[in-house]
Amino acid sequence: MRAVRMGWRATDGVRLLLAVVALGYGLLAVFRAPTYWTWEMAVLATEWGYGIAALALVLVLPRARRTAAGRLAAGIAVLAAAMLLSPLARAVPVAHELPARMREAFGDAQARSLPGAPARPQPLAPLDMLRGVRSPGVRVRTFVYADRADGPLRMDVYSPPGRGPAPAVIVIHGGSWRGGDRKQLPPLNRYLAARGYVVAAIEYRLAPKHRAPDALADVLTALRFLEANAPALGVDPRRIVLMGRSAGGQLALLAAYRAHDPAVRGAISFYAPTDLVYGYAHPANPAVLDSRVILRAFLGGTPDDDLPGYVAASPLAFVGPDTPPTLLVHGGRDELVWVVHSEMLDSALAAAGRPHLLLRLPWSTHACDFAFSQPCGQLSTWAVEHFLAAVTR
């Protein structure tokens, strides 16, 4: 009998520990992460929180509540589950409003689809959160698009099935201008290629060895490569969109805004810095990311050292009457790049009368689309495919 009671105490201790762990994830689903490693955990908590909530609620089963410790664990688990489910609850109204917002911003357009690769029927499909967003395989080829003094620069070209020129999307990876590569987050590349777009995921020269504007020059060179080799790549050289994440989003916006190329039909930015002067004055929490060190490595100094260089690298400074249509995706609690960057660009585009939309995801953090089948990934994919259909028609 004593052994049974001791066993129950040990089990209650495990339950209490698991409940506290779930509560920790719950807090990350609601509040900004205080450190880099907790930010990485926050991506899990905010996008897959419903799964952790389901596990936490196992601790509420009747047998678990027979002791005081068990009841305490159950209470903590219920609180954790409520916080972990809150991102999904906040995603639902965003999904409901998104189609009307997209039509208002860019007009009515039918997203492209091909046999076996239909367009998404709705912005958020709960079943796809469990089974995943699926796409058939596509052909991927690697090309050298530029030869630099320290080596070639390559792009991976994802080609749609069939023949004939197709709209192209240049994808620019993130990584604080000092890391990352063209292989970053490929599910969206495959998804778009399967639905009729040529997707060119590029690499570019990285800081601190290469400072601005070298990376911008590489993006523009990739654009010219696609235009010059359009027949061989199956690209329609009159319909090209630039898309990037984080640092890559800054480069996509900057290249699209500064190229003054009628072939560039639009720009898509995921959680990118848009005003680097503001970014230096209002840095991220250094325990999460020392953004001032990153900016100095990329630009070679501080704004006091080279204010024109900071301005020249800020997409916000180049909004004008011919700025191409723009889609911005940003998490409302982004710890690495404050959402105000996209909000400022959103306001500038509105003032200039240019077609644009800011898809603000209140629950999401930086790199939320890493979870391709989860709320951020589904909503952003739906917005991207409808944006592309509108601006490349």
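Let's start with Glu385, which touches Ala111, Arg112, Ala119, Arg120, Tyr191, Arg195 and Tyr197 once residues up to four places away in sequence are set aside; contact here means heavy atoms within 4.5 Å. Glu385 sits in helix α14, residues 375–391. Helices (H or I, at least four residues) and strands (E, at least two) are DSSP runs, numbered from the N terminus. Glu385 is buried and yet has no salt bridge, as Arg195, the nearest side chain of opposite charge, is 4.6 Å away. Buried means under 20% relative accessible area, exposed over 50%, and partly exposed in between, with a 1.4 Å probe and protein chains only. For charge, Lys and Arg count as positive and Asp and Glu as negative, while His and the chain ends are not counted. A salt bridge is a side-chain nitrogen of Lys or Arg within 4 Å of a carboxyl oxygen of Asp or Glu.

A word on how to read the model. This is a predicted model, in which local features need pLDDT of at least 70 and side-chain atom pairs count only at pLDDT 80 or more, while totals for chains, interfaces and linings use all residues. Residues are numbered from 1 along each chain as its sequence is written, and side-chain values use heavy atoms, with hydrogens and water left out. The pLDDT is the predictor's confidence in each residue, from 0 to 100. Its mean over the chain is 95, and 97% of the residues reach 70 or more. Confidence is lowest in helix α1 (residues 2–30), with a mean of 78, and highest in strand β7 (residues 326–331), at 99. Over residues 1–8 the pLDDT is below 50, and this stretch has three contacts in the model beyond near neighbours in sequence. Where pLDDT is low, the predicted coordinates should not be read in detail.

Back in helix α14, you will also find Ala390. Ala390 is buried, with a relative accessible area of 8%. Leaving aside neighbours within four places in sequence, Ala390 is in contact with Phe106 and Ala109. The C-alpha atoms of Ala390 and Gln110 are separated by 7.7 Å, although the two residues are 280 apart along the chain.

Now for the strands. In β6 (residues 264–270), six of the seven residues are buried. Strand β5 (residues 235–245) pairs with β6 in the parallel sense over six bridges; two strands pair if DSSP finds at least two bridges between them. Ile268 in β6 is the bridge partner of Met243.

How many salt bridges does the structure hold? There are 15. In one of them, Asp369 and Arg245 meet at 2.6 Å, N to O. This pair links distant parts of the chain, 124 residues apart: Asp369 is in the loop between β8 (356–361) and α14, and Arg245 is in strand β5. Asp369 is buried at 6% relative accessible area, and Arg245 is buried at 5%.

Asp156 forms a salt bridge with Arg182, with the closest N and O atoms 2.8 Å apart. Asp156 lies in strand β2 (residues 151–159) and Arg182 in the loop between β3 and α6, so the pair ties together parts that are 26 residues apart in sequence. Both partners are buried, Asp156 at 0% relative accessible area and Arg182 at 15%. Asp156, Arg182, Lys183 and Glu203 are linked in a network of salt bridges.

The loops hold some backbone details worth a look. Most residues other than glycine have a negative phi, and most peptide bonds are trans. Trp177, in the loop between β3 (166–172) and α6 (187–194), has a positive phi of about 65 degrees, and is buried at 5% relative accessibility. Leu185 lies in the loop between β3 and α6 and has a positive phi of about 45 degrees. A cis peptide bond joins Ala207 and Pro208, with omega about 0 degrees, and Pro208 lies in the loop between β4 (198–202) and α7 (214–228). The peptide bond from Ala212 to Pro213 is cis, with omega near 10 degrees.
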